[in-house]
Amino acid sequence: MRANNWMISLAVLALAGCDGGADMAPLADGTDGALSESAADLVIWGGPIYTARDDQPMVEAVAVRGNRIAFVGDDEAAQAWIGEGTRLIDLNGGALYPGFTDSHIHVYGVGQRERTLNLDDVTSVAQLVSRVEAAIADTPAGETLAGRGWIETHWPEGRFPTRQDLDPVSPDNPVILRRADGHALIANSAALAAVGITRDSVAPSGGEILFDADGEPTGLLVDTAMGAVSPLMETPSPDVIRDTYADGARRLVSLGWAGAHDMSVPWSMVPVIEGLAEAGDLPLRTYLSVGPEGYAPLAAGGHRDVADGRVITRAVKLYMDGALGSRGAALLEPYADRPETSGLAIAEADETIGLFIDALRQGIQMNVHAIGDRGNRYLLDWVEEARAQVPPEEWALADPRWRDEHSQIIDPADIPRFAELGVIASFQPSHAIGDLHFAPDRLGDDRLDGAYAWQSLLDAGAHITGGSDAPVEQGDPRIEFYAAVARADLSGFQGENWHAEEALSREDALKLFTAWPAYASFREDELGTIAVGMIADFTVFSEDIMTIPEAEILTVEPWMTVVDGEVVYESPDSFHHGE
């Protein structure tokens, strides 16, 4: 800790215990008050502090009282906020930022990943089979083995896994393994037989069952076709849901996330999450976007806000299409590497437009998954149609702040429409640095002009916000920030025609995970920046990600996460340990 700050702090602490006029100090608003009354609970200084504000981008010190920021400014003025009960934190090489918020994540899925067969690091079909064989040895006879995380784009076999790969190691137990993106799964023969999928099966609208050259199902089910195997999955009890969600939240705050916009939350899970917060067992600030089944009860009951804003529910998540990797994203032209298909359109126009019309009148935020250029075109068209049918004076909110979740492949002609229609582009930078290895094959070079077009959207006046989509991706803020500014994979590879100019500046990348998620959740007046009166949500990393070389962003350590002025995660290896 810097000697001058430490000595001044000791002097102020000594004065705090004395009688007489020396115990008076000015407050941040210019009034006078007793030092014991004005003392902060927490003072942080001794390193770069970034506010995510244009008018005062950096400060030297921050003081917190309760769950609010009481002071921002220089070290000298911060002395007045130190009392006997104040915790002093010298950043000691670290850096402080507004609390990082993941604008698109699945918290329960993150918890599940910690509790089920995790296939994130599988590198081949052979290794996938080996993992299943090992897991089956510990699975009771007849019980379903479930896992998630595989992605075949780097595998030496160069193909999707099939039921024939899995059957030799699991002839009797059903096996269901979801692809990392959550839009496809592979099932073994026992699973297919249990739910009656045969060569004569027909996929539901918005889904696909893949068949081999002999007309037999391969075991790969895409998008809505995955619902066929849901009866094989055990329905978790409320206690399991609670514990799994809490596991996911603890994992996220340990990485540096202070907040999460949780997508596709089942309506039945909302009370469980709220109960966690009310019991003081939810360290993560959450903003819930429920599944389509939650629209009617949300519209009937209105916005939900519990535990002083720790859990807010006011949005609904819909799907326009599938994912690019599994060729379910709806494209305007056929896939370059599979010209017989142009993807899967999941939403129906009349039904979706009708829902949009009602949502404008009810004040419900609509957050809609759209990945392909056709999926994005449909979304923008249908938003425009709904807005045209409801006079602005009938809108419940003058600024509905509807969101395009993913915004991955956009026809360049549609980019200006985001700002024109007030649609927020919500994207996940890590998708771009993973997809760069297969998107050129799926799309061809011509359609890369509007792919992951972050800077173009910003330049066109669109509001943007960033997340990770974990457990589809790792859910690590360091990876997401790196991907936003480097636009290269974790080894530094970018590839040809990947449009380096679409990377964001570090200043904008910081806002992508702080100030702009606050706007996207209607809370910019109290979250997302460091200023007096704002809620005290902070993220501390071991180094300054705004200045270090890009590759080193991936190696910084999450040192501390603060939510509502409370330290909810503290690394045992952080700044003040071992002093």
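In what follows, a residue is called buried when its relative accessible area is under 20%, exposed when that area is over 50%, and partly exposed in between, using a 1.4 Å probe and protein chains only. By that rule R179 is buried, because its relative accessible area is 1%. The model is a predicted one, so local features are reported only at pLDDT of at least 70 and side-chain atom pairs only at pLDDT 80 or more, while totals for chains, interfaces and linings use all residues. Residues are numbered from 1 along each chain as its sequence is written, and side-chain values use heavy atoms, with hydrogens and water left out.

Side chains of opposite charge can pair when their charged atoms come close. The term salt bridge here stands for a side-chain nitrogen of Lys or Arg within 4 Å of a carboxyl oxygen of Asp or Glu. A search of the whole structure turns up 32 of them. One is the pair E152 and R179, whose closest N and O atoms are 2.9 Å apart. This pair links distant parts of the chain, with E152 in the loop between β10 and α6 and R179 in strand β11 (residues 175–179), 27 residues apart. Helices (H or I, at least four residues) and strands (E, at least two) are DSSP runs, numbered from the N terminus. E152 is also buried, because its relative accessible area is 6%.

W155 sits in the loop between β10 (145–150) and α6 (163–166), and it counts as buried because its relative accessibility is 4%. Between W155 and S491 there are 336 residues in sequence and 17 Å in space, C-alpha to C-alpha.

Two further salt bridges are worth a stop. E274 pairs with R304, and their closest N and O atoms are 2.7 Å apart. Here the link runs between distant parts of the chain, from E274 in helix α9 (residues 270–278) to R304 in strand β17 (residues 304–306), 30 residues apart. E274 is buried because its relative accessible area is 7%, whereas R304 is partly exposed at 28%. In the other pair, R361 meets E394 with the closest N and O atoms 3.0 Å apart. R361 lies in helix α11 (residues 349–362) and E394 in the loop between α12 (373–389) and β20, so that distant parts of the chain, 33 residues apart, are linked. R361 counts as partly exposed at 40% relative accessibility, and E394 is partly exposed with a relative accessible area of 37%. Salt bridges can also share partners: R377, D381, E384, D411, D414 and R417 are joined in this way into one network.

Now for some backbone geometry. Most residues other than glycine have a negative phi, and most peptide bonds are trans. S407 is not a glycine, yet its phi is positive, about 50 degrees. This residue is found in the loop between β20 (403–406) and α13 (415–421), and it is buried because its relative accessible area is 2%. Y452 likewise has a positive phi, near 55 degrees. Its place is the loop between α15 and α16, and at 2% relative accessibility Y452 counts as buried.

D445 is partly exposed, because its relative accessible area is 45%. On the surface, D445, D446, D449, E496 and E501 gather in a patch of negative charge. Such a patch is made of residues with over 30% relative accessible area and no salt bridge, like charges being joined within 9 Å and nonpolar side chains (Val, Leu, Ile, Met, Phe, Trp, Tyr) within 5 Å.

D469 lies in the loop between β22 (464–466) and α17, and it is buried because its relative accessible area is 6%. Although D469 and H106 are 363 residues apart in sequence, they are 6.7 Å apart in space, C-alpha to C-alpha. The peptide bond from A470 to P471 is cis, with omega near 10 degrees, and P471 is in the loop between β22 and α17. Helix α17 (residues 477–486) contains R478, which is buried with a relative accessible area of 13%. A polar atom of the R478 side chain lies 2.7 Å from the backbone oxygen of V556.

Definitions and conventions
Accessible areas come from the Shrake-Rupley method with a 1.4 Å probe; for residues, only the protein chains shown count as cover. Lys and Arg count as positive and Asp and Glu as negative; His and the chain ends are not counted. The place of a charge is taken as NZ of Lys, CZ of Arg, CG of Asp or CD of Glu. A polar contact is a pair of N or O atoms within 3.5 Å; within protein, one must be able to donate a hydrogen and the other to accept it, and residues adjacent in sequence count only if both atoms are side-chain atoms.
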